[in-house]
Amino acid sequence: KGTSRTWRCCKNGMSENFLWIMKKKYFLNANIVDPLNSIEEIGGLIIGEDGKIEAAGKKVNTNNIPSREKFTDLKGKYIFPGIVDMRVFVGEPGYEYKENFRTLSKAALSGGVTSVVTMPNTNPVIDNVSIVDFLKRRGRDKSKINIYPTASLTKNVEGTNMTEFGLLQNKGIIGFTDGTKTIQNTRLMSRIMKSAYDLDSLIMQHAEDSELAKDGVVNDGIISTKLGLQGISDLAEKIIIERDLTLLEDYNCRYHISQISSSKSVEVIKQRKQKVDFSCGVSINNLSLNENDIGDFRTFLKLSPPLRTEDDRLSLIKAINNDLIDVVVSDHKPEDEESKRLTFYQSASGATGVETLLPLALELFHNDSIKLSKIIASMTCNPAKILKINKGNLNIGNDADFCIVDLYKPWILKKENLQSKSKNTSIDDKKLQGLITNTYVKGEELFKI
């Protein structure tokens, strides 16, 4: 017998078969937030022996459970569905020294993230079925979270020849993207959209015109001039979004803008939301930081899309409140120290973020920028709906993927405490409020502080 499981064994001929039976779990006196089911109430959660949710909400209390059963009194802590992060880079295959499935899994669990969508920008690129088979095996063997891999839109993410959407989708690919690259050729993009429509494939576009963004490293404006750095105009993002949404009027496929960063992009989305059906995401970095945070060439804040003005940041928050932005992502992009300890021009772009996504997002609740239920929806049921997966909710009968959060607990982020293999966080030493204390996947506690 163990604390969370019991085991039984039976003999069958000369061999022994061991069957692990998980005990039922009862969590009481919790603040349950499940946006999909419009639940935001004090109650409890019951997890069955099979790791599935049996009950959730205010009906779960001491009067409704067997008197002899032990339960966990959460004393007002919050239960959220497991976070679904739609934009995560993992190092396998090819860049295991930056991140691998095992370290990604540990990092995600410490941040309450139970499902991730991985990008195809690996070495080799995820663009054929043999690599997908390898990726699925590695993810299954090394990871404890739910891995949903994407494949590239084009062969070797070169932006010229389409990948085989149908074959890759049949192998379990959940969507298609060129990751940090953008389809520049309009004719090719129209072909991609037509194929995506025919096959019901999800297209995720990183919106940036390569000519307008050429050699740029920060937002084009006062800060870029002050630092003497080449800027990236917000027009580079706007132009690609306008082009793609115009194409979408004729090719009504499943289309998702991975991340937007400017008020100009918000205006375009506002104008088009009533005309065509699409979804849109934003990085937590662009919601929480602005170009002033770069200071004196802080390379850990070299990001893509770049941090923009405070007005842009506030417009993104307003867009979430107005349901123009559907999803908040971490844009988790681990880089080794050698890739960041360079000049601003030479350093790699990106920051780790999967384990700080939820705490940073909760900052928007604590400063009264966004309601709690809307924040949680943007990281649970909204991405799950776009991806067409049954995650990000506390539905009865579903896998018990959830996290427990001490919502008002203050703490300070120290990069040396990060679980990710790389420590290139953009918010080292930041004071946060809202601590993930436990994370469960399929009813099993895989993280505890």
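**Conventions.** I number residues from 1 along each chain as its sequence is written. In this predicted model, local features need pLDDT of at least 70 and side-chain atom pairs count only at pLDDT 80 or more, while totals for chains, interfaces and linings use all residues; side-chain values use heavy atoms, with hydrogens and water left out.

**Entry 1: overall form.** I looked up the secondary structure and recorded 14 helices and 20 strands. Helices (H or I, at least four residues) and strands (E, at least two) are DSSP runs, numbered from the N terminus. I then compared the radius of gyration with the globule rule: a compact globule of 449 residues would have a value near 22 Å, and the protein agrees with 22 Å. That radius is taken over C-alpha atoms, and the rule is 2.2 Å times the number of residues to the power 0.38. The C-alpha trace spans about 65 × 50 × 45 Å along its principal axes.

I noted that 57% of the 449 residues are buried. Buried means under 20% relative accessible area, exposed over 50%, and partly exposed in between (1.4 Å probe, protein chains only). Of the contacts between residues at least 6 apart in sequence, 73% join residues at least 24 apart; contact means heavy atoms within 4.5 Å.

**Entry 2: helices H4 and H7.** I examined how H4 (residues 186-199) packs on H7 (residues 235-248), and found an angle of about 45° with the axes 10 Å apart. H4 is therefore oblique to H7. Angles under 35 degrees count as roughly parallel, over 145 as roughly antiparallel, 65 to 115 as roughly perpendicular and the rest as oblique. The axes are lines fitted to C-alpha atoms, for helices over the stretch in contact, and angles run from 0 to 180 degrees between N-to-C directions.

H4 contributes Thr186, Met189, Ser190 and Met193 to the contact, and H7 contributes Arg243, Asp244, Leu247 and Leu248. These residues divide into four nonpolar, two polar and two charged. Ala, Val, Leu, Ile, Met, Phe, Trp, Tyr, Cys and Pro count as nonpolar, Asp, Glu, Lys and Arg as charged, and the others, Gly among them, as polar.

**Entry 3: helix H12.** I checked burial along H12 (residues 357-366): eight of its ten residues are buried, so the helix is largely enclosed by the rest of the structure. The buried residues are Leu357, Leu358, Pro359, Leu360, Ala361, Leu362, Leu364 and Phe365. Just after H12, Asp368 takes a positive phi of about 65°.

**Entry 4: backbone exceptions.** Most residues other than glycine have a negative phi, and most peptide bonds are trans. I listed a cis bond between Asn123 and Pro124, with omega about 5°; Pro124 is in the loop between S9 (113-118) and H2 (129-142). The bond from Ser304 to Pro305 is also cis, with omega near 0°, and Pro305 is placed in the loop between H9 (284-288) and H10 (310-321).

For positive phi I noted Ser38, near 55°, in the loop between S3 (25-34) and S4 (39-47). Ser38 is exposed, at 68% relative accessible area. Asp429 has a positive phi of about 70° and lies in the loop between S18 (402-412) and S19 (431-441). Asp429 is partly exposed, at 42%.

**Entry 5: single residues.** I looked up Ile396 in the loop between H14 (381-387) and S18, where it is exposed at 62% relative accessibility. Leaving out residues up to four places away in sequence, Ile396 touches Ile53, Glu54 and Ala55.

Ile47 belongs to strand S4 and is buried at 1% relative accessibility. Beyond four places in sequence, its contacts include Ile53, Ala400 and Phe402. Ile47 and Lys194 are 147 residues apart in sequence and 43 Å apart, C-alpha to C-alpha.

Asn31, in strand S3, is buried at 18% relative accessible area. Under the four-place exclusion, Asn31 touches residues including Glu41, Ile42 and Tyr78.
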